[in-house]
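The sequence and the model are shown first, and the description follows.

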Amino acid sequence: MLSLREVKQRTEKFFRDRGVPDSKLDTDLLLAHALGIKRLEIYLDLERPLTEAQLDFLRPLVKRRADREPIQYILGSVEFCGLTLMVDQRALIPRPETEELIELIESTIESPPSNILDLGTGTGAIALALAHKYPEAEVTAVDACRDTLDLAAENARNLVSENRIQFVHGSWFQPLANTRKFDLIVSNPPYLTEAEMDTAEPEIVSHEPSQALVSGKDGLNDLRIILANALQFLTPGGLIALETGINHHEKLDELSKEGGLTGKSYSDLSGRSRFYLSRVV
């Protein structure tokens, strides 16, 4: 029988040979998942033998990661702003950068919003994080894909009280009555260029939904739509907060002005211009 140490060493080498990033971390995560233990517990009992049943459960998970399927899809969940979200190929995997957007919003707005709109909700990560931070707010989440919206609703059922979030099917503002107004509109829309998608990692190209990532040749197709229409859905003094491409911000200033808004760029923790916040002029 193989020990936990031997399986760990073999899996790490297999991942390295297949070009898997973070081979040590991903090995630990898969072992902990397969054995039903915490990651730290692996190192407390490295000589324990693994049963054939445990190995049979682990092997297909290892193969999936070696084929460059994202570890989050294999594990079926991801942590976001202190929440555990279900995640699968129906939606883009929430990124740490988007957690930074939530923190930026919280530090920017002066009073708690009463009505929040999340455009392109995906897993529901942004909508759920904001619903937790602002428990008195009404939250609306929109997505163009029904399967994705179903995933977001599943996460909501597990994480917030019933009817805290209204889920609406449609593209951007299209399904909303133009009489609706929001204090806060948030979106992490597709913003990769076609060229960027061509050079992305296999985890992204082969497994994540391209419609949630790519937005035309310059990556701005969806941001154009959002900024052109945001004004009519914002309350006086309302804020729209966006995650964007790092090379978009000069153009976003133009689009924001054309839409009757005035905006400002904000950097992520790596110093790149990642976020764009805009208000009524």
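Gln232 is located in the loop that joins H11 to strand S7 (234-243). The structure is a predicted model, and in it Gln232 is partly exposed, with a relative accessible area of 35%. When neighbours within four places in sequence are set aside, the residues in contact with Gln232 are Asn178, Arg180 and Lys181. Val168 stands 64 residues from Gln232 in sequence, and the C-alpha atoms of the two are 18 Å apart in space.

## The pairing of H11 and H12

Two packed helices are described by the angle between their axes and the distance between the axes. For helix H11 (residues 221-229) and helix H12 (residues 249-258), the axes come within 8 Å and cross at roughly 30 degrees. This crossing is right-handed.

On the H11 side, the contact is formed by Leu223, Arg224 and Leu227. H12 contributes Lys251, Leu252, Leu255 and Ser256. Sorted by class, the contact of H11 with H12 comprises 4 nonpolar, 1 polar and 2 charged residues.

## The pairing of H1 and H4

The axes of helix H1 (residues 4-17) and H4 come within 10 Å, with a crossing angle of roughly 20 degrees. Because angles under 35 degrees count as roughly parallel, H1 is roughly parallel to H4. The crossing of H1 and H4 is right-handed.

Which residues of H1 and H4 meet? From H1 they are Val7, Thr11, Phe14 and Phe15, and from H4 they are Leu55, Leu58, Val62, Arg65 and Ala66. By class, the contact of H1 with H4 has 7 nonpolar residues, together with 1 polar and 1 charged residue.

## Two residues with positive phi

Most residues other than glycine have a negative phi. Asp22 has a positive value, with phi near 55 degrees, and is a residue other than glycine. Its place is the loop between H1 and helix H2 (23-35). Asp22 is exposed, as its relative accessible area is 54%.

Arg68 also has a positive phi, of about 70 degrees, although it is not a glycine. This residue lies in the loop between helix H4 (52-66) and helix H5 (71-75).

## The surroundings of Arg68

Is Arg68 buried or exposed? Its relative accessible area is 12%, so Arg68 is buried. The side chain of Arg68 reaches the backbone oxygen of Gly19 at 3.2 Å.

## The enclosed helix H7

How many of the 9 residues of helix H7 (residues 125-133) are buried? The number is 7, so H7 is largely enclosed by the rest of the structure. The buried residues are Ala125, Ile126, Ala127, Leu128, Ala129, Leu130 and Ala131.

Terms used: Residues numbered from 1 in each chain as written. Predicted model: local features only at pLDDT ≥ 70, side-chain atom pairs only at ≥ 80, totals over all residues. Heavy atoms only, no water. Helix = DSSP H or I, 4+ residues; strand = E, 2+ residues; numbered from the N terminus. Buried < 20%, exposed > 50% of the residue type's maximum accessible area, 1.4 Å probe, protein only. Polar contact = N/O pair within 3.5 Å; in protein donor to acceptor, adjacent residues only side chain to side chain. Axes fitted to C-alpha atoms, helices over the stretch in contact; angles between N-to-C directions. Parallel < 35°, antiparallel > 145°, perpendicular 65-115°, else oblique. Left-handed = near helix turned anticlockwise from the far one by under 90°. Contact = heavy atoms within 4.5 Å. Nonpolar A, V, L, I, M, F, W, Y, C, P; charged D, E, K, R; others polar.
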